[in-house]
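Here are my notes for you to read with the model open beside them. Take the points one at a time and find each residue as you go.

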Amino acid sequence: MFRSMPEIKCVPFSANETVMYRFGTPGTRPRVYLQGALHADEVSATLALHYLCELLTVAERENRVRGELIVVPHCNPAGLRQFVHGRHLGRFDLSDGRNFNRGFPDIADEIIHRLGRIAPQNLNTEMAIDTGASLLSKVRCESPGDQFRIELFRMSWGADIVIDVHSDMESVVHLYSSPASWPRIERLAAHLDAQTVMLGEVSADMPFDEAHSHAWSKVARFLMERDYCAAHRVSSCTVELRGLADVEPALARQDAAAFHDYLVDAGALDPIASIASSAAALRTAVQPISLDEVDMITSPITGVLVHCKDLGERVVPGEVIARVFDPTEIVPYRAWREIVARYSGVVFARWHQRTVRAGMVVCKIGGANGERKPGNVRLPD
Ligand SMILES: [Zn+2]
């Protein structure tokens, strides 16, 4: 156990290494796991978590760490090295074409199968955690991509709170989480001053945070059916820490302070005595919306994208939010196409490149007024 300096554990996978920092005493609660840059180009997370480690090193020195904190500023070094023709590509694994934040394992059924052999009166939450850890320690995957996912799941398994920090293309701070997780995630949204929060139970193809919440919802249900009151239920979320280019030390230090203050609220840290009641702690989280209240606006044509609304701007139906210019159209007045808002809401994310093809999502609007847009799915970035 370290005191003055963070323990650094290198977890080998594929041909690379992931650096993990652990603070506090292993086994103490709450255990909080934070990782950044699963999509390897979304490095606002990396800088923020790097500065968070500095704050936690001080907290460790001052004996203020009460729980166990695991921080991985860049969890995807293989993705970090993916350059093609001088451009970095961090969202998809070039070795297999898969989205790095999809296809995490569903281990709940196997845990339940193993727990089913144990007498109900002997069941408890720690047993479920240990069973999952044992299962994950024995998994061997032939595919480097699957092994990578297992390694991340192994590092984070058993945490009370799992925070996966990404960024969107261009965006304000926003979060994805689940209704069950929200009570413990709400303060994080407030500290980060998130402008949009989306809650949903299940989306497409098992992203990292959802793999945790999904597994624990099933295991907790199993335990409760056997009259055991399952005390542990993970709270997980995906934080979108603005856009790809919002990588600035001042912002990163601000975000690190927000994560630090949240860890105080979560009971993982004692507060810094001199700033125990900061203004940030008094913020109220934004009212969450459901995933089907998000309108994903697509471009009708291929061409040059011009955004007409700023991030965080509120729009109403019929307002022009973007225009697309078709340079192949020989009749000038036909070359421009307007994209208008279909519902009222806040523009919380925009596409970052200005050349788009027909059908691409160019803007995300978080709907107000409970309006429904059936068919939308969560797309954490
Ligand atoms: Zn991402």
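Which elements do the buried residues of α6 pack against?

1. The buried residues of α6 pack against β7 (161-166), β9 (174-177), β10 (196-199), β11 (235-240) and α8 (249-265). The helix itself covers residues 182-192, and its buried members are Trp182, Ile185, Leu188, Ala189, Ala190, His191 and Leu192. Buried means under 20% relative accessible area, exposed means over 50%, and partly exposed is in between, using a 1.4 Å probe and protein chains only. Helices (H or I, at least four residues) and strands (E, at least two) are DSSP runs, numbered from the N terminus.

2. Before you go further, a word on what you're looking at. This is a predicted model, in which local features need pLDDT of at least 70 and side-chain atom pairs count only at pLDDT 80 or more, while totals for chains, interfaces and linings use all residues. Residues are numbered from 1 along each chain as its sequence is written, and side-chain values use heavy atoms, with hydrogens and water left out.

3. Now the whole chain. Its secondary structure comes to 8 helices and 20 strands. Of its 381 residues, 53% count as buried. Take the contacts (heavy atoms within 4.5 Å) with a separation of 6 or more: residues 24 or more positions apart account for 73% of them.

4. Go back to the end of α6. Just after the helix, Asp193 takes a positive phi of about 55°. Asp193 sits in the loop between α6 and β10, and it is partly exposed, with a relative accessible area of 43%. Ala37 also has a positive phi, near 65°. You'll find Ala37 in the loop between β3 (31-36) and α1 (44-61), and with a relative accessible area of 0% it is buried. Why flag these? Most residues other than glycine have a negative phi, and most peptide bonds are trans.

5. The bond from Arg29 to Pro30 is cis, with omega near 0°. Pro30 is in the loop between β2 (16-23) and β3.

6. Next, have a look at Gln82, in the loop between α2 (77-80) and β5 (83-84). Is Gln82 buried or exposed? At a relative accessible area of 8%, Gln82 is buried. A polar atom of its side chain lies 2.9 Å from the backbone oxygen of Phe92. Beyond four places in sequence, Gln82 touches Arg87, His88, Leu89, Gly90, Phe92, Asp93, Leu94 and Phe100.

7. Asp93 is on that list of partners of Gln82, so it's worth a stop, as Asp93 counts as buried at 10% relative accessibility. Its place is the loop between β6 and α3 (108-115). Leaving aside neighbours within four places in sequence, Asp93 is in contact with Gln82, Arg98, Phe100 and Gly145.

8. His260 is in helix α8, and it counts as buried at 5% relative accessibility. Which residues does His260 touch, not counting those up to four places away in sequence? They are Leu52, Leu55, Arg64, Leu269 and Ile272. With Arg64 there is a side-chain polar contact of 3.5 Å. (A polar contact is a pair of N or O atoms within 3.5 Å; within protein, one must be able to donate a hydrogen and the other to accept it, and residues adjacent in sequence count only if both atoms are side-chain atoms.) His260 and Ala59 are 201 residues apart in sequence, yet 9.6 Å apart in space, C-alpha to C-alpha.

9. Last, the largest pocket. A pocket here is an open set of points on a 1 Å grid over the protein atoms alone, where a 1.4 Å probe fits, with protein on both sides within 12 Å along at least five of seven lines; lining residues have an atom within 4 Å of a point. The lining has 29 residues, and Arg91, Met169, Trp351, His352 and Gln353 lie nearest the centre. β20 gives the most to this lining, with 4 residues. Domain 1 (7-287) and domain 2 (292-367) each supply at least three lining residues, the bounds coming from an automatic or database domain assignment.
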